[in-house]
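Hi everyone, thanks for making time this morning. Please bring up the structure on your screens, and we'll walk through it together.

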Amino acid sequence: MFFLGTLYSQTGQLKQAEATLKRCLEVFPNYIDADFQLAKVYTWEGKWDLATAIYEKYPDSRIFRLADSKDPKIFSFANIVDAANANDKAAIHLLNKAGEDLGKKIAFLVNLLNPQIVVIGGGVE
């Protein structure tokens, strides 16, 4: 259900995304990915009160406080890392999810292109 809700949101079908993600959270109430995605959908729909209600489920989360600022520039990778270093569970979850997704993408490219070596570089801004 989560992936279907995410797909709906990525294709601009926000009402379907909202309904699917709500159903996902009824079945799996502690599924933080679904909470994140539903908060994004609410934000895109301009339903700030509903997005804020989700953020308030995680009162100790610096990430949700940053997201609540409505300024996308504040919501940076460096801020997520800082929050994770401060033991913010939502930030740690985001970094784990990002690492998992990056690993899947690299594995796909390795299988597709069969390179001799994979080098990841760059800085954190």
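Let me start with a question: at the start of α7, which side-chain oxygen reaches to within 2.9 Å of the backbone nitrogen of Ala-90? The oxygen belongs to Asp-88.

Before going on, some housekeeping. This is a predicted model, in which local features need pLDDT of at least 70 and side-chain atom pairs count only at pLDDT 80 or more, while totals for chains, interfaces and linings use all residues. Residues are numbered from 1 along each chain as its sequence is written, and side-chain values use heavy atoms, with hydrogens and water left out. Helices are DSSP runs of H or I with at least four residues, strands are runs of E with at least two, and both are numbered from the N terminus.

Back to α7, then. This helix covers residues 89–113, 25 residues in total. From first C-alpha to last it reaches 36 Å, close to the 36 Å expected, where the expected span is 1.5 Å times one less than the number of residues. Just after α7, Asn-114 has a positive phi of about 50 degrees.

Now for how helices pack. Two packed helices are described by the angle between their axes and the distance between the axes. Axes here are lines fitted to C-alpha atoms, for helices over the stretch in contact, and angles run from 0 to 180 degrees between N-to-C directions.

Take α1 (residues 2–10) and α2 (residues 14–27): their axes are 8 Å apart, at an angle of about 160 degrees. That makes α1 roughly antiparallel to α2; angles over 145 degrees count as roughly antiparallel, under 35 as roughly parallel, 65 to 115 as roughly perpendicular and the rest as oblique.

Phe-2, Thr-6 and Ser-9 of α1 take part, and the α3 side includes Val-41 and Trp-44.

What about α3 and α4 (residues 48–55)? Their axes come within 8 Å and cross at roughly 160 degrees. The two are therefore roughly antiparallel to each other. Asp-35 and Leu-38 are among the α3 residues here, meeting α4 residues including Trp-48 and Tyr-55.

The side chain of Tyr-58 makes a polar contact with that of Asp-35, at 2.5 Å. Tyr-58 and Lys-89 are 31 residues apart along the chain, and their C-alpha atoms are separated by 9.0 Å.

Note on methods: A polar contact is a pair of N or O atoms within 3.5 Å; within protein, one must be able to donate a hydrogen and the other to accept it, and residues adjacent in sequence count only if both atoms are side-chain atoms. Contact means heavy atoms within 4.5 Å.
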